[in-house]
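User: I'd like to learn how to read helices, their packing and their loops from a model. Can you take me through one?

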Amino acid sequence: MGRTALLEAAAELGAGQGMRALKARCSTGDSGAAFTSVRRLLEPCSGFGLPGDPPDAPDAPNTSAAPNTPDAPDVASRLWRLLHFHAAQSPLLLAVDDVHLADPSSRRWFTETARRLDQMPVLLVATERNQYDIDPPSPGLAHTLSPSLYRTFALAPLSGAAAEEMVRTHLGAGAAEEVVKSCVRAGAGNPLLLRALLDDMQALAPEDAASAAVPHSCAELYPGAFTAAVAWWLENAGPSTTAVARALAELEEGHHVDNLLPDLLPAVTGADPARVSGWVTAMVRLGLLRRDPVRGQPRFVHGLLRDAMLNGWSRKARQTLHRAAAEIGHGCGDRAEAVAAHLLQVPPVGAAWAVDVLLDAAPDAVGAGRTGDAAQYLRRALEEPMPRERRATVLTDLGSLEFAALRSAGISRLAEALRLHDRPRGRVKAAVALSSALAHQGEAHAAFAVLKGLNGSLPDEPTLNRTVQAASALLSDHDTELRRRVYAALGNAVERSPTSVGPAEHALTIRYEATAGLVSAERAMERIHALLAAPEDPLMEPFLLGTAAAVAQWADELDEADRLVQRGLAEPGLSRLHPMYRAMFNTRTDTALARARYAEVLADDGAWDLPADRAARPGPTNLQAGTVLALVESDRLAEAHALITGINVLKAHDSWELNRFLYARGLLRAVSDDLEGALDDFLECGRRQSARDVVAPVVTPWRSAAAECVLALGRPQEAIRLAEQEYRFATVWNTPRVVGRALRALGAATGGRRGLELTGQAVKTLRDSPAGTELIRALISQGRQLTAAGQQGRARPLLREAASLAEQLGTVRLRAAAVRALSQGGARRTGLEHTGVVALTSSERRVAALAADGRTNAEIAELLHLARRTVETHLTHAYRKLGIRRRTDLPAALERWTDC
């Protein structure tokens, strides 16, 4: 109940007790003439009018005259006599609403009259605003009287129960719970605001108001009673309170104000800091504001209330606010992103500090994974004046970011940057980024033309020439003809003058030899370690580290590969379009797959992102290939099929990543019983790989996969031929993973006693290697062969070991295959039911349940008194056992497994 409603109730109660109620509502318009409020209260009920005299009455109270009303004492006297006359007729209840808005002479008359009410049967009941505002209000009626003469009742905000009852009264008892609670929040415990909101909702949806969601924008409300109520509230609060409320509303949402907000509000509005602090505290108590549970900053309780505070505020006023906030934040040493967020809202400021802030904010956003924000900062920086060379650098960085979202836009930025750069180093950086973008778009020859255009312009810059050469070698992976030509030239350079070629180029030749089946893993890593120990120019360091990481991953040196990738990605100035940036992420994906860490691969949603620029010809990525493989091994075939459906292989440009995707799609088709389609993919992958001189099975072991297909299709001789070729190349590289995989395929194709020997040899080779999934496959293959030979007793321990190992690694498909093989071999119980909710430990189940309810990791850690890292570990294990990849899948997964 608000002040006005309470006053009406008091008047009704007085009337019920035999009192005559005289009512008046004061307003801001009353200040124009003297005694307007008093006359509105007394005269309409009187047969007397000024200047006529009512009957005799005691002496009138002494009130000071207003400057523009020289006859005010006489008017006051006549009003007093009029009051006395009314009181003589019957007891009076004077109900005065909003007495704080009365004209000054009326307020003085009410004050002096209140001091003499004990002489008459009159009760004065008045309402006045006592809310805490920024500008201290003038003393009210109560403050000018002795406490013995009055009693004060301060209204508290509506309780939650009362507000809910009010909502249900207006919308009906069947109002949805979510609608009720949202209305209560938006109304902020203020009956005026809540009633106005309910009126709007009923007008907006007369039939569905009980179920319609409360909007967050005033533009969605009609006819706008809520907006008008908030405007009235602001008008009564005064200009300073309005300024602070609007500043808070504008700054609180997405502008990174952080802990500067308590100091920022007074600074940008010119208000007294102590009064601002008191106002925030009062508004929290009244229910209009709440404290952010993490940072403790004040926030409006509902988006609709916040939007209403801003309604009608001009764009220019908002820009002025953000300009001031940016300057204050910069002067206080606030974070670059916090200041940059304000600069995004204002026109160019023409100051060097603004450019510095925006450029500092961009890498912070990239580091946090918010590349869209980083691009915004760079675009805004380009609106400010800056030197030509710096503008070219910004264009290079922006083009690298934009290429991922809209390829044509990124390329145009990079082309402009290359045109603007005058310094050799800047030209090389822009040219490498532009050529990388063109190559990833399928325009490999155009990419090489860009790099070739630098020839002759870098005569005294050997490091820059080496950078161009290394970039050319990496980008040649996008075209078969170019790859052969570039690596032939690089090999000749190494052979003619080894000392003139740096460690990074030597590493690239090792990488080529590894894929061409010309070197063993042991020898390759010896050479890589020697190159890593040699000094290298910082500009070439990413090329060396990224290439070394790829070779280490192929050699099953997975920990070293991870360390090298981590070092490489931490290199300063490594842009997203540096050829090694994507290469190192690809290596990280392949390392996770080799370790059977499928959840890590599936956690990256980038595999599902398709470029917005449909005119581009992007090929499938290695991440997409890895995601398909992870989904297959997690036995989530429907999702894998959904992913490959969105990728048009026929229109993709030639690249090693396309070959990798063909291999992954072949595996998906194979496990989906499309053997012919799978074989086509494997053979096409092999044809493309061989044309690029990639014959070693270190990247895509297509021959062993194709051998399994043709064997299942009833062509054992062809399977043996493919498996023997795989084994021959595998023994050159000679790591347990590739050799064991080739032996398994050859053993399955050969069959009989010899086949069992080969498969057994595969198991033995793989036991002491990090290739856990390959060992599982070998164990299953040997177990099946033994079962077929009637040796179920020897097969069961192998198959149980395979199922147990698959359970540990989270390879759902292989575990199911091992369980099936056990069942086919006559085993009645596998004892390996370790997936689903029943497989969760009590701690994992508690954490998963809280996460499914929407709790954050930090909240779960606090509730269960665990370290945040422990919570993350429990969730990772729960995801694996439930066969899901993201937090949003938890509720359905828990329900599904429970139903099972």
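Analyst: Start with burial. Buried means under 20% relative accessible area, exposed over 50%, and partly exposed in between, with a 1.4 Å probe and protein chains only. In α26, the buried residues are L558, E560, A561, L564, V565 and G568. Their arc around the axis is only 155°, so they sit on the same side of α26. The arc is taken from the directions that run from the helix axis to the C-beta atoms. On the other side of α26, R563 and Q566 are exposed.

User: What kind of model is this, and how are the values set up?

Analyst: This is a predicted model, where local features need pLDDT of at least 70 and side-chain atom pairs count only at pLDDT 80 or more, while totals for chains, interfaces and linings use all residues. Residues are numbered from 1 along each chain as its sequence is written, and side-chain values use heavy atoms, with hydrogens and water left out.

User: Why do residues three or four places apart point the same way in an α-helix?

Analyst: An α-helix has 3.6 residues a turn, so residues at that spacing point the same way.

User: How are helices assigned, and which residues make up α26?

Analyst: Helices are DSSP runs of H or I with at least four residues; strands are runs of E with at least two; both are numbered from the N terminus. Helix α26 covers residues 558–569, twelve residues. From first C-alpha to last, α26 reaches 16 Å, close to the 16 Å expected at 1.5 Å a residue. The expected span is 1.5 Å times one less than the number of residues.

User: What covers the buried residues of α26?

Analyst: Look for contacts, meaning heavy atoms within 4.5 Å. The cover includes α24 (521–533), α25 (541–554), α27 (579–594) and α35 (736–750).

User: How many residues of α25 are buried?

Analyst: 14 of the 14, so α25 is largely enclosed by the rest of the structure. α25 reaches 20 Å from its first C-alpha to its last, close to the 20 Å expected at 1.5 Å a residue. Just after α25, D556 takes a positive phi of about 65°.

User: How do I read a helix pair? Take α37 and α39: at what angle do they cross?

Analyst: Under 35 degrees counts as roughly parallel, over 145 as roughly antiparallel, 65 to 115 as roughly perpendicular, and the rest as oblique. The axes of α37 (residues 772–788) and α39 (residues 812–824) come within 10 Å and cross at roughly 15°. The two helices are therefore roughly parallel to each other. T773, I776, R777, I780 and R784 in α37 meet R813, L814, A817, A818 and A821 in α39.

User: Is the crossing of α37 and α39 left-handed or right-handed?

Analyst: A crossing is left-handed if the near helix is turned anticlockwise from the far one by less than a right angle, and right-handed if clockwise. α37 passes α39 in a left-handed crossing.

User: And at what angle do α8 and α12 pack?

Analyst: About 60°, with the axes of α8 (residues 225–237) and α12 (residues 303–310) 9 Å apart. That makes α8 oblique to α12. Their crossing is right-handed. F226, V230, W233 and L234 of α8 make the contact with L304, L305, A308 and M309 of α12.

User: Which residues does the cis peptide bond join?

Analyst: Check omega. The bond joins Y222 and P223, with omega about 10°. P223 lies in the loop between α7 (191–204) and α8.

User: Where do D635 and D693 lie?

Analyst: Both are loop cases. D635 lies between α29 (622–633) and α30 (637–645). Its phi is positive, about 60°, although D635 is not a glycine. At 40% relative accessibility, D635 counts as partly exposed. D693 is found between α32 (675–691) and α33 (702–712), and its phi is near 65°. D693 is partly exposed, at 23% relative accessibility.

User: Is T463 buried or exposed?

Analyst: T463 is buried, with a relative accessible area of 18%. T463 belongs to helix α21 (residues 462–475). Leaving aside neighbours within four places in sequence, T463 is in contact with D537, L539 and M540.

Conventions:
Axes are lines fitted to C-alpha atoms, for helices over the stretch in contact, and angles run from 0 to 180 degrees between N-to-C directions.
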